[in-house]
Amino acid sequence: MSHHPIAPLRGYHHLTMVTRDARENARFYRDLLRLRLVKQTVDLTMPDVRHVCYGDEIGAPGSLLTFFEWPDAPHGQRGWGGTEHIALRVASGAALAWWRGHLEREGVDLEGPFHDHTRPAIRFRDPDGLIVELVAPAGDDVPDGAPVFFVPAMAIGRIDHAALLATDRETASVYYQHMLGFDLAGEYPNPINPDRADLVFEIDGPAPAERLIVTLVDHDAVGRAVAGPGQIHHIAFCVPDEAVELVWQERIISAGVNVSDIQDRQYFHSIDFRDPDGHLLEIATAHPGFAIDEPLESLGQALKLPPWLEHRRAELERRLRPIDGDNE
């Protein structure tokens with residue numbers, strides 16, 4: 001099998017996590033981190049579950065963080081087959097300093113700045129306990145002080161990487177390099193726990209390349225992850241259209257990996273499959289995008305449903321509390 005597929009993945013499409021409370025989630029990602037709420041919808045396979053999506057101003061692939069609301073679910077647990085953290089880009093060390101000051105002023109506990117494989121970074125937790133990292137370019141200095149006022153150059157940008165916990169170096173290397181077309185940039189000590197090794201994979205996206213970090217853990221000492229709030233539900237990589245997606249589906253089947261049929265997710269089409277440790281992966285199309293059912297200027301302001309669920313609108317609107325509203 002060739003190292004690079006004919007139709008390479010275009011970096012990330014989105015990361016989907018689980019939250020217990022979509023209102024608290026919106027206060028954190030929209031109001032505190034200043035991401036745009038670009039879609040309110042439902043899990044198309046379980047319409048009783050709210051699905052909220054954040055991203056840049058147009059909801060572009062590669063900027064998207066989405067969350068399923070599971071209000072009664074036990075808290076997710078880290079372990080192999082689960083998530084260590086997610087990381088988002090900022091444009092400079094000065095921007096990272098602004099976010100450090102902003103989060104501290106808002107009472108958020110954080111670590112750093114420290115160097116995440118040569119790049120300055122800070123880490124903190126969202127309301128569900130998910131570790132979120134902000135990463136600046138390698139070589140940038142992080143000033144001790146920071147301006148109080150926000151300017152657009154300080155905004156959070158694209159997804160930089162997701163960090164997964166896995167149990168076997170060779171298996172992960174073969175899977176991500178030879179099947180999915182990542183390059184292995186190197187093996188480094190984990191910046192928080194130097195007793196663990198990180199495999200840093202890269203794939204072409206908007207410069208610089210986007211990363212997937214696989215942290216190697218001991219199968220017996222760590223235990224398997226438990227899905228739930230504070231964990232990633234799935235990671236989606238991007239392709240331009242369904243024709244390329246079909247090529248990927250055939251490639252995955254030829255590698256002996258189970259893969260779903262192409263699913264219509266309203267705003268993209270996707271296929272789902274799992275890596276050897278059980279992480280749920282997805283390949284999603286860049287189009288049609290989030291503006292197919294509401295104007296760009298009003299993205300995320302109303303509950304949107306696909307045509308096949310419109311007959312349940314009244315029921316679902318009663319069930320799903322507005323993101324912005326009173327507590328009753």
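Me: What should I know about the model and its conventions?

Reply: This is a predicted model, in which local features need pLDDT of at least 70, side-chain atom pairs count only at pLDDT 80 or more, and totals for chains, interfaces and linings use all residues. Residues are numbered from 1 along each chain as its sequence is written, and side-chain values use heavy atoms, with hydrogens and water left out.

Me: How many helices and strands are there in the protein?

Reply: Helices (H or I, at least four residues) and strands (E, at least two) are DSSP runs, numbered from the N terminus. The protein has six helices and 16 strands.

Me: What does the radius of gyration say about the protein?

Reply: The radius of gyration is taken over C-alpha atoms, and the globule rule is 2.2 Å times the number of residues to the power 0.38. For 328 residues, a compact globule would have a value near 20 Å, and the 19 Å of the protein agrees with this. The C-alpha trace spans about 55 × 50 × 35 Å along its principal axes.

Me: What share of the residues is buried, and what share of the contacts joins residues 24 or more positions apart?

Reply: Buried means under 20% relative accessible area, exposed over 50%, and partly exposed in between (1.4 Å probe, protein chains only). Buried residues make up 55% of the 328 residues. Contact means heavy atoms within 4.5 Å; among contacts with a separation of 6 or more, 67% are between residues 24 or more positions apart.

Me: How does β9 pair with β5 and with β12?

Reply: β9 shows both senses of pairing. Strand β5 (residues 83-89) and β9 are antiparallel, with five bridges, and L88 has I159 of β9 as its bridge partner. β9 and β12 are parallel, with six bridges; A166 stands opposite L216 in β12. Eight of the eight residues of β9 are buried, so this strand is largely enclosed by the rest of the structure.

Me: Which strands form the other sheet of eight, and where are its edges?

Reply: Its order is β2-β3-β4-β1-β13-β16-β15-β14, and this open sheet also has mixed pairing. β2 (36-43) and β14 (263-264) are at the edges with a single partner strand each, so one side of each is left without a neighbour in the sheet. Within the sheet, β1 (residues 12-19) and β4 (residues 64-69) run parallel and are joined by six bridges, with T19 and E69 as bridge partners.

Me: How is the direction of a helix against this sheet described?

Reply: Axes are lines fitted to C-alpha atoms, for helices over the stretch in contact, and angles run from 0 to 180 degrees between N-to-C directions. Helix α1 (residues 22-32) packs on the sheet and touches β1, β2, β3 (46-55) and β4, its direction making about 10° with that of β3. Helix α5 lies across β13 (232-239), β15 (269-274) and β16, at about 15° to β15.

Me: Is Q249 buried or exposed, and what does it touch?

Reply: Q249 belongs to helix α5 (residues 242-254). Its relative accessibility is 13%, so Q249 counts as buried. Leaving out residues up to four places away in sequence, Q249 touches V259, S260, D261, I262 and I271.

Me: Which residues of helix α3 are buried, and what follows the helix?

Reply: In α3 (residues 169-179), the buried residues are A172, S173, Y175, Y176, Q177 and M179. After α3 comes G181, with a positive phi near 85°.

Me: Where does G289 lie?

Reply: G289 is in the loop between β16 (280-285) and α6 (313-319). With 15% relative accessibility, G289 counts as buried. G289 and G59 are 230 residues apart in sequence, yet 7.6 Å apart in space, C-alpha to C-alpha.

Key:
Two strands pair if DSSP finds at least two bridges between them.
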